Amino acid sequence: SLSMPRWSPDGKHIATIHTIGAFGSEVVVIGRDGKVSVLDPQTELAISGPAWLGSGNEIVYVRGDYATSSKADLVRHSLPSNELTPLHTSWPYHSRCLDIVGNGRVVFDTSSRRSNLRDIQLQGGTERWLTRGTSMDRQPVFSPDGERLAFTSDRSGNTDIWQIDLHTREIAKLIDDPGDDMDPAYTPDGKGIIWTSNRSGHLEIYMADQG
């Protein structure tokens, strides 16, 4: 799907974001002459909407995903050369939209990086918090026996897979790697777990026994 279209300053092009599946985006530039160019943002994470820079030969956008611990960065992308240049490699904000005016004045939105897990009994209405805090706890999944819950969290400063014992409320890390590990699921017998990771440089599916 295409979203967040922006006219170039000279009115000759429209830059827009093409979202690819659940993850990943690319920049599509459409000319008045009907020519379509695709710019690769060189990331598997989400990117913000584009903003035109200067005369209209370059665009600026943010690469990053607020749901992971990955650092965001602000980049400029040249249309004539298709070259990408970092402007700010430790951009402290994860944005979906930004705009530029004049000689570099930037306005942008920023997303909150906080989510917690909550357990609700549909019959009876009993509710309880399973996690509380400022981390991004997300993607919960029950073990087949309903005794445990695996989830993705950045509570350690990195995006890893964690598990909570639903009786003792003890929380432990299941998967620990410098890459981003996410999308957990239990094997049918509950003895193993599968997940997605970018540790190889690309998003791939991994599986391991819990021991």
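The side chains of D160 and K173 meet in a salt bridge, with N and O 3.6 Å apart, where a salt bridge is a side-chain nitrogen of Lys or Arg within 4 Å of a carboxyl oxygen of Asp or Glu. Because D160 lies in strand 15 (residues 160-165) and K173 in strand 16 (residues 171-175), the pair ties together parts that are 13 residues apart in sequence. D160 is buried, at a relative accessible area of 0%, whereas K173 is partly exposed at 30%; buried means under 20% relative accessible area, exposed over 50%, and partly exposed in between, with a 1.4 Å probe and protein chains only. D160 and K173 are also linked with D176 in a network of salt bridges.

This is a predicted model, in which local features need pLDDT of at least 70 and side-chain atom pairs count only at pLDDT 80 or more, while totals for chains, interfaces and linings use all residues. Residues are numbered from 1 along each chain as its sequence is written, and side-chain values use heavy atoms, with hydrogens and water left out.

The chain has nine salt bridges, including the three set out here.

| Salt bridge | N to O distance |
|---|---|
| D160 and K173 | 3.6 Å |
| D119 and R128 | 3.2 Å |
| D181 and R199 | 2.9 Å |

In the bridge of D181 with R199, D181 lies in strand 17 (residues 181-186) and R199 in the loop between strand 18 (192-197) and strand 19 (204-209), so the pair ties together parts that are 18 residues apart in sequence. D181 is buried at 0% relative accessibility, while R199, at 32%, is partly exposed. In the bridge of D119 with R128, D119 is buried with a relative accessible area of 15%, and R128 is partly exposed at 30%.

Turning to the chain as a whole, its secondary structure comes to zero helices and 19 strands; helices (H or I, at least four residues) and strands (E, at least two) are DSSP runs, numbered from the N terminus. The C-alpha atoms fill a box of roughly 65 × 30 × 30 Å along the principal axes, and buried residues make up 41% of the 211 residues. Among contacts (heavy atoms within 4.5 Å) between residues at least 6 apart in sequence, 29% join residues at least 24 apart.
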